[in-house]
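Thanks for coming. Please have a look at the model on the screen before I start talking.

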Amino acid sequence: MGLDQLIKKCKKKNPQAQEQLYRLFSSKLFSICLKYSNDYSSAEDTLQDAFITIFDKINQYKNQGSFEGWLKRVTINTALQKYRKQKVFDIINEEQIEEIEIEVNEEEISLDYLLKIIQQLPERYRLVFNLYVLDGYSHKEVAEMLDISIGTSKSNLARARNILKEKLEHSQEPYFQSIEGQR
């Protein structure tokens, strides 16, 4: 069965089609949930909530644009709903923001380690970092999604980058991939 046919059946609340859609996209969407969660268990909860929302609102998808893109957007919004009401963001003056660049040699750093230290960031920094750096949203879009100011988005991104830079520079954990480990 093609994706268009699967979507049509999901719009009619067909349980077998919903299960097939879940199996088809759950692993991709779970990786998004992990980026926006503190831990594995929280990511599982977010994935379940995202699929409830997806099945609830699938009629809003009008076959325009990528269906997978629509699924990702719903998943990100579901993950962010937990944090919007918490007001966990620091508000500072934009002039205080220092632009920090992090140079990472992709050949030497383990992706698992990098994702691990990103996941250890405080929530407010992790959310902004993921939206801006990993998902490519602008500061204006991040601000709208999180109900914060653009300056707050920029400051939280700068702080996230600073924390990551510190962790990368001062890490005692061996995060460099060994040549022997790759054989």
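This is a predicted model: local features need pLDDT of at least 70, side-chain atom pairs count only at pLDDT 80 or more; totals for chains, interfaces and linings use all residues.

Let me begin with the core. The largest nonpolar core has 45 residues. Which residues have the most contacts inside it? They are Leu21, Ile54, Phe67 and Leu131.

Take Phe67 as an example. If you leave aside its neighbours within four places in sequence, Phe67 is in contact with Leu3, Ile7, Leu21, Phe25, Ile58 and Tyr61. Leu21 is another of those residues with the most contacts inside the core.

Now please find helix H6, residues 123–134. A run of its residues is buried: Tyr125, Arg126, Leu127, Val128, Phe129, Asn130 and Leu131. After H6 comes Gly136, which has a positive phi, near 75°.

How do we describe helices that pack together? Two packed helices are described by the angle between their axes and by the distance between those axes.

Start with H6 and H7, where H7 covers residues 139–146. Their packing angle is about 135°, and the axes are 9 Å apart. An angle over 145 degrees would count as roughly antiparallel, so H6 and H7 are oblique to each other. The crossing of these helices is right-handed. On the H6 side, the contact is made by Leu127, Val128, Leu131 and Tyr132, and on the H7 side by His139, Val142, Met145 and Leu146. By type, the contact of H6 with H7 has seven nonpolar residues, one polar and no charged.

Next, H6 and H8. Here the axes come within 8 Å and cross at roughly 100°. Angles of 65 to 115 degrees count as roughly perpendicular, so H6 is roughly perpendicular to H8. From H6, the residues that meet H8 are Arg124, Tyr125, Val128, Phe129, Tyr132 and Val133. They meet Ser153, Asn156, Leu157, Arg159, Ala160, Arg161, Ile163 and Leu164 of H8. This contact of H6 with H8 divides into nine nonpolar, two polar and three charged residues.

Is Ser153 buried or exposed? Ser153 is buried, because its relative accessible area is 0%, and buried means under 20%. Not counting residues up to four places away in sequence, Ser153 touches Val128, His139, Val142 and Ile148. Val128 belongs to H6, while His139 and Val142 belong to H7.

The other residue is Arg161, also in helix H8. Its relative accessibility is 15%, so Arg161 counts as buried too. Arg161 and Tyr125 are 36 residues apart in sequence, and their C-alpha atoms are 8.7 Å apart in space.

Last, two loop residues. Lys13 is in the loop between H1 and H2. Its phi is near 65°, a positive value in a residue other than glycine. With a relative accessible area of 44%, Lys13 is partly exposed. Asp147 sits in the loop between H7 and H8. Asp147 also has a positive phi, near 60°, and is likewise a residue other than glycine.

That is all I have. Thank you.

How values were computed: Residues are numbered from 1 along each chain as its sequence is written. Side-chain values use heavy atoms; hydrogens and water are left out. Buried means under 20% relative accessible area, exposed over 50%, partly exposed in between (1.4 Å probe, protein chains only). Helices (H or I, at least four residues) and strands (E, at least two) are DSSP runs, numbered from the N terminus. Axes are lines fitted to C-alpha atoms, for helices over the stretch in contact, and angles run from 0 to 180 degrees between N-to-C directions. Angles under 35 degrees count as roughly parallel, over 145 as roughly antiparallel, 65 to 115 as roughly perpendicular and the rest as oblique. A crossing is left-handed if the near helix is turned anticlockwise from the far one by less than a right angle, and right-handed if clockwise. Contact means heavy atoms within 4.5 Å. Ala, Val, Leu, Ile, Met, Phe, Trp, Tyr, Cys and Pro count as nonpolar, Asp, Glu, Lys and Arg as charged, and the others, Gly among them, as polar. A nonpolar core is a set of buried Ala, Val, Leu, Ile, Met, Phe, Trp, Tyr and Cys residues joined through side-chain atoms within 4.5 Å.
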